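Hi everyone, thanks for coming. Please have a look at the model on the screen, and I'll walk you through a few of its residues.

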Amino acid sequence: MIALLANPAWAGLIWISLGWISLGWISLGALGVAEFAAQAATTERVVVNRFSGLALEGYDPVAYFADARPTIGLPEFEASQAGAVWRFHNEGNRASFVAHPDIYGPQFGGYDPIDLARGVTIAGNPRFWLVSGERLYLFGREANRDAFAADPERVLREANTRWPALERELAQ
């Protein structure tokens with residue numbers, strides 16, 4: 001039996017128990033794993049928080065375009081699309097997304113395009129983002145965002161080539 005217990009108040013600390021032996025508290029940060037990555041489901045076509053079902057960890061996808069910054073959405077402005085629950089800061093943003101989810105939703109379902117170009121699916125973090133070519137891209141870390149910004153055409157060429165096969169694997 002393996003038990004992993006996480007509490008957001010402890011910012012990335014988990015308790016590991018193997019049933020007969022408890023290993024104690026381990027910091028995910030010390031292991032080099034971002035707290036977000038521990039909660040994101042990377043077996044779905046759209047990255048969602050496995051506990052809440054929220055896409056973008058509850059950030060408003062339209063705000064990246066309208067406000068040029070991540071903005072937390074509100075529970076009273078929600079929409080379901082692509083098997084995920086999306087939150088918005090206001091009704092106008094919700095209506096824009098519902099009318100054009102292909103424009104406002106993160107490309108590659110929220111997976112990091114740098115990692116996709118390498119052939120792996122790693123969830124992007126809504127705090128590391130870039131709007132390029134009028135599309136939203138999320139990255140697992142800041143260095144990936146910077147590498148993408150330096151040569152988006154090359155990265156997108158490679159990511160687009162690998163994405164169909166990776167997306168099929170996610171659906172299995």
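Predicted model: local features only at pLDDT ≥ 70, side-chain atom pairs only at ≥ 80, totals over all residues.

Residues are numbered from 1 along each chain as its sequence is written, and side-chain values use heavy atoms, with hydrogens and water left out.

So, how many aromatic pairs does the structure hold? There are nine. For a pair, ring centres of Phe, Tyr or Trp (its six-membered ring) must lie within 6.5 Å; planes under 30 degrees apart are stacked, over 60 edge-to-face, and the rest tilted.

One of these pairs is Y111 with W163, a tilted one, with 5.9 Å centre to centre and 45 degrees between the planes. This pair links distant parts of the chain: Y111 sits in the loop between α4 (101-104) and α5 (113-118), and W163 in helix α7 (residues 152-171), 52 residues apart. A quick note on those labels: helices (H or I, at least four residues) and strands (E, at least two) are DSSP runs, numbered from the N terminus. Both Y111 and W163 are buried, meaning under 20% relative accessible area, where exposed is over 50% and partly exposed is in between (1.4 Å probe, protein chains only).

Next, Y137 and F148 make a tilted pair too, at 4.9 Å centre to centre with 40 degrees between the planes. Y137 belongs to strand β9 (residues 135-139) and F148 to helix α6 (residues 142-150), so this pair ties together parts eleven residues apart in sequence. Y137 counts as buried because its relative accessibility is 6%, and F148 does because its value is 0%.

Which residues form one aromatic cluster? They are F108, Y111, Y137, F139, F148 and W163.

Now for the two other residues. D115 lies in helix α5, and at 7% relative accessibility D115 counts as buried. Setting aside neighbours within four places in sequence, D115 is in contact (heavy atoms within 4.5 Å) with V120, I122 and N144.

Finally, L56 is found in the loop between β5 (48-49) and α2 (63-66), and is buried, with a relative accessible area of 5%. Beyond its neighbours within four places in sequence, L56 has contacts including V47, Y64, W86 and L138.
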